[in-house]
Amino acid sequence: MNNETPANAPLWRGGLALVAIPLLLLVALGAWAVASPAGSSPDDDFHMTSIWCGAGERPGFCESVPGVPNERAVPALVLEAADCFKANPNISAACQASDPAHPDALVQTARGNFVGAYPTVFYSVMAPFVGADVTASVVTMRVVNVVLFLAIGTALYLLLPARRRPTLMLAWLIGLVPLGIFLITSTNPSGWAVISAGTVWLATLGFFESTRWRAAGLAVLAGIGVVMGAGARADAAIYAGIAIVLATLLAFDGRSRTFWLKTIVSVGLGLLAVALFLSSRQGSIASTGFSGHSSPASVPTIDLIVGNLQEVPELWAGAFGFWGLGWLDTIMPAAVWVTAGAAFAAVAFMGLRSMDWRKGIALLAVFGALVFFPTWILVQSKTFVGFEVQPRYILPLIVMLGGVAIVQRGMPALRFTITQFAVLGAGLVLANALALHANMRRYISGQSTLDWNLNHFVQWWWPVGPGPMVVWALGSAAFAGAVALVLLELHRRQNDTADTQRAGAEGLLSVR
């Protein structure tokens with residue numbers, strides 16, 4: 001007898017969609033990977049230098065500076081790629097052609113992970129892709145990060161119980177546009193923090209709910225997620241710990257011996273996160289804060305707390321484009337952050353239909369972290385929202401909040417009408433297309449240029465490959481196709497589940 005009913009059957013009918021969606025996303029995210037020049041992600045001077053030195057000292061790539069142990073010499077373009085355009089959105093990336101004048105010459109710098117301020121895993125993994133051509137190396141690293149994201153997401157989908165797969169897809173859809181996509185397709189370690197946040201909690205939850213090889217595979221994926229996050233940023237190690245606690249809480253069954261045995265694995269994952277956290281010095285910021293923009297000492301602590309609590313939601317909105325991308329200088333159209341933020345809020349609110357005490361506590365915990373962590377750091381730094389703490393620091397928590405909000409716990413099930421799916425998909429597609437266009441225009445000619453055709457007023461673009469409008473059109477269309485396929489399959493699954501429930505109810509009545 002076949003026990004695979006429509007309610008628990010695989011979400012994808014055959015392998016076509018499972019292949020098509022990652023391929024479409026590869027094109028969509030690939031467009032983002034080439035939408036901006038080397039040096040365009042925040043603090044890229046530090047992170048690119050750290051990558052070039054991630055494999056140790058190598059002639060022509062990363063050389064020691066005699067008598068100065070905490071400095072290195074790297075190619076000028078690695079350190080200075082953004083110097084001519086950062087903080088000025090009206091200057092295109094064409095300035096890189098003359099500044100620095102000798103991009104292959106080595107320049108001395110202390111801007112790098114030379115004293116272990118950051119974890120080293122991210123830089124070490126990216127280092128093998130360093131080559132003689134700086135820009136080609138950067139694009140390669142961006143594509144590698146895209147492939148890592150898609151490979152982990154696909155593996156997680158295949159291993160998760162069928163009823164958890166919609167959570168995986170919806171959580172990524174509503175949590176990534178536009179900041180998450182920009183970070184994943186960059187050379188900034190925050191991209192790995194985002195991937196970790198969306199992977200660890202759901203892989204750990206799936207581990208508790210699965211058996212045999214699926215459980216083993218999900219435990220491995222959770223471990224990979226922990227290493228990626230905690231090996232990229234110290235705060236991501238904290239977030240990985242939160243993710244493990246959330247998943248353990250959601251799966252809690254005090255009467256199950258299997259549950260208690262499996263907590264050994266979750267505790268082990270937590271200890272791994274702690275070990276990686278302690279391996280870097282970045283975690284000291286939690287106790288000392290930043291020192292770049294401190295407010296006058298006369299501002300009472302209580303006023304810092306109250307003032308920041310009122311303004312922290314601005315950081316949440318920044319994850320959807322309210323703050324600029326890049327060095328915070330690529331301004332997003334209002335239609336981006338309004339639409340992307342509304343999509344997140346609408347789906348998360350729908351998710352509240354399905355609730356029990358475990359999910360309620362988990363939601364309060366992750367929401368509390370979204371309030372507490374930025375407020376704490378800002379107060380320790382003696383400053384207010386707008387300085388030091390950026391939306392990318394808390395984006396992993398937002399991704400987790402969206403996922404936990406829509407995870408199914410009992411009845412009623414999370415259900416959307418075809419109209420709701422259509423509006424959701426249209427909003428996300430529009431937000432992505434507008435964000436990609438704005439990001440490209442900023443570097444092609446500067447954002448002061450108001451022209452929808454990206455092929456006009458081209459001051460900077462890649463010397464090989466398709467033109468700007470082709471890249472934008474292909475990337476936007478591929479993202480639209482991926483979103484459409486995901487939402488159509490989710491709608492079909494809903495219908496199958498409803499049919500199965502009706503059949504079960506009719507069978508029960510006929511027996512009676």
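Predicted model: local features only at pLDDT ≥ 70, side-chain atom pairs only at ≥ 80, totals over all residues.
P178 lies in the loop between helix 6 (165–175) and helix 7 (179–184), and the peptide bond that leads from V177 to P178 is cis, with omega near -5°. Residues are numbered from 1 along each chain as its sequence is written, and side-chain values use heavy atoms, with hydrogens and water left out.

Backbone geometry also deserves attention at R212, where phi is near 55°, a positive value in a residue other than glycine. R212 is placed in helix 9 (residues 212–230). With a relative accessible area of 76%, R212 is exposed; buried means under 20% relative accessible area, exposed over 50%, and partly exposed in between, with a 1.4 Å probe and protein chains only. F457 likewise is not a glycine and has a positive phi, of about 60°. F457 is found in the loop between helix 17 and helix 18 (468–511), and a relative accessible area of 55% makes F457 exposed.

Helix 17 itself covers residues 418–444, and its 27 residues should span 39 Å at 1.5 Å a residue; the end C-alpha atoms are 38 Å apart, which agrees. The expected span is 1.5 Å times one less than the number of residues in the helix. Just after helix 17, G446 takes a positive phi of about 95°.

Three of them form an open sheet in the order 1-2-3, with antiparallel pairing. Strand 1 (63–65) and strand 3 (106–109) stand at the edges, each with a single partner strand, so one side of each is left without a neighbour in the sheet. From one strand to the next, the twist averages 40°, where axes are lines fitted to C-alpha atoms, for helices over the stretch in contact, and angles run from 0 to 180 degrees between N-to-C directions. Strand 2 (residues 68–75) pairs with strand 3 in the antiparallel sense over four bridges; two strands pair if DSSP finds at least two bridges between them. Within this pairing, R72 has T109 of strand 3 as its bridge partner.

Side chains of opposite charge can pair when their charged atoms come close. Here a salt bridge is a side-chain nitrogen of Lys or Arg within 4 Å of a carboxyl oxygen of Asp or Glu, and by this rule the count comes to 10 salt bridges. In one of them D43 pairs with R392, the closest N and O atoms being 3.0 Å apart. This pair links distant parts of the chain, 349 residues apart: D43 is in the loop between helix 1 and helix 2 (44–52), and R392 is in helix 16 (residues 391–406). D43 counts as partly exposed at 24% relative accessibility, whereas R392 counts as buried at 5%.

Another salt bridge joins R233 to D235, with the closest N and O atoms 3.0 Å apart; both residues are buried. In a further salt bridge, the side chains of E489 and R492 meet at 3.5 Å, N to O. Because E489 and R492 are three residues apart in helix 18, about one helical turn separates them. E489 is buried, with a relative accessible area of 8%, while R492 counts as partly exposed at 39% relative accessibility. Salt bridges that share partners also join D43, D45, R111 and R392 into one network.

The surface carries a nonpolar patch as well. V19, L23, L26, V143 and V147 form this patch, which has about 390 Å² of accessible area together. Helix 1 (16–33) and helix 5 (134–159) are the elements that give two or more residues to the patch, and helix 1 gives the most, with three residues. Patches are made of residues with over 30% relative accessible area and no salt bridge, like charges being joined within 9 Å and nonpolar side chains (Val, Leu, Ile, Met, Phe, Trp, Tyr) within 5 Å. Accessible areas come from the Shrake-Rupley method with a 1.4 Å probe, and for residues only the protein chains shown count as cover. V143, found in helix 5, is partly exposed, with a relative accessible area of 35%.
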